[in-house]
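Please read the following account alongside the sequence and the coordinates.

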Amino acid sequence: MRNNAKSIMLTLLEWVLLIAPTAGYSIYCYTDTLQYTMTAQSKGCFWSLVAVAVLAAVIFQIFRKKYDRFIQSFVQQKTDLETNPDNELLVKAVARKSKIADNLDYVVALIPLLILCTVLYAFQTAVDQLITLLLVVSGSLMAKIGVHTVKLSVQRRDMLKKIKE
């Protein structure tokens, strides 16, 4: 469809309706929470928890890579043991790595849960604002959809009007 002044204005309005309410409420929440609601101690606790969660996530990624390499070597040794079952050193190595791998499987599941708990604890008091922010985003999307429908209708009407003329 062809763009004219009306459709360009409606496109701009769509994007303003999508971005402005969300950005405005986000700025309000940030300012309200950090300047008026949170004490200096709670700000420190919040940012400390966020920093711990980020650091734990980075360390977990490093651990995960080393764990994957460990599991690959364990699988290789198990395969070697199937072809050479009489090798005593290989049997001991596979038994040792089996015990480690079986326990580390649970650690790999536990660490992300602990990181998630840390993040949720940090944002515990912000859940109400987060719900309101999600509602604002939903309203912005609905407004954009409505204005986009109007824009398409205006474009179609203008194109049909030009064809009739």
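Across the whole structure, a search finds 6 salt bridges, a salt bridge being a side-chain nitrogen of Lys or Arg within 4 Å of a carboxyl oxygen of Asp or Glu. The model is predicted, and therefore local features need pLDDT of at least 70 and side-chain atom pairs count only at pLDDT 80 or more, whereas totals for chains, interfaces and linings use all residues. Residues are numbered from 1 along each chain as its sequence is written, and side-chain values use heavy atoms, with hydrogens and water left out.

One of these salt bridges joins the side chains of Lys151 and Glu14, at 3.7 Å from N to O. This pair links distant parts of the chain, since Lys151 lies in helix α4 and Glu14 in helix α1 (residues 5–37), 137 residues apart; helices here are DSSP runs of H or I with at least four residues, numbered from the N terminus. Lys151 is buried, with a relative accessible area of 10%, and Glu14 is buried as well, at 2%, where buried means under 20% relative accessible area, exposed over 50%, and partly exposed in between (1.4 Å probe, protein chains only).

Another salt bridge pairs Glu88 with Lys92, whose closest N and O atoms are 3.3 Å apart. Both residues lie in helix α3, 4 residues apart, or about one turn of the helix. Glu88 is exposed, with a relative accessible area of 55%, and Lys92 is exposed at 52%.

A further case is Asp158, which forms a salt bridge with Arg157 at 3.6 Å between the closest N and O atoms. Asp158 counts as buried because its relative accessibility is 10%, while Arg157 is partly exposed, with a relative accessible area of 42%. Together with Lys6, Arg157 and Asp158 are linked in a network of salt bridges.

Turning to the helices themselves, α4 (residues 127–164) has 38 residues and should span 56 Å at 1.5 Å a residue, and its end C-alpha atoms are 55 Å apart, which agrees; the expected span is 1.5 Å times one less than the number of residues. Its buried residues include Ser140, Lys144, Val147 and Val154. Helix α3 (residues 88–122), with 35 residues, should span 51 Å, in agreement with the 51 Å between its end C-alpha atoms. At its N-terminal end α3 is capped by Asn87, a side-chain oxygen of which lies 3.2 Å from the backbone nitrogen of Leu89.

Within helix α3, Lys97 deserves a separate look. Lys97 is buried yet has no salt bridge, and the nearest side chain of opposite charge, Asp80, is 9.5 Å away. Not counting residues up to four places away in sequence, Lys97 touches Phe70, Ser73, Phe74 and Gln77, contact meaning heavy atoms within 4.5 Å.

Technical notes:
Helices (H or I, at least four residues) and strands (E, at least two) are DSSP runs, numbered from the N terminus. A polar contact is a pair of N or O atoms within 3.5 Å; within protein, one must be able to donate a hydrogen and the other to accept it, and residues adjacent in sequence count only if both atoms are side-chain atoms. Lys and Arg count as positive and Asp and Glu as negative; His and the chain ends are not counted.
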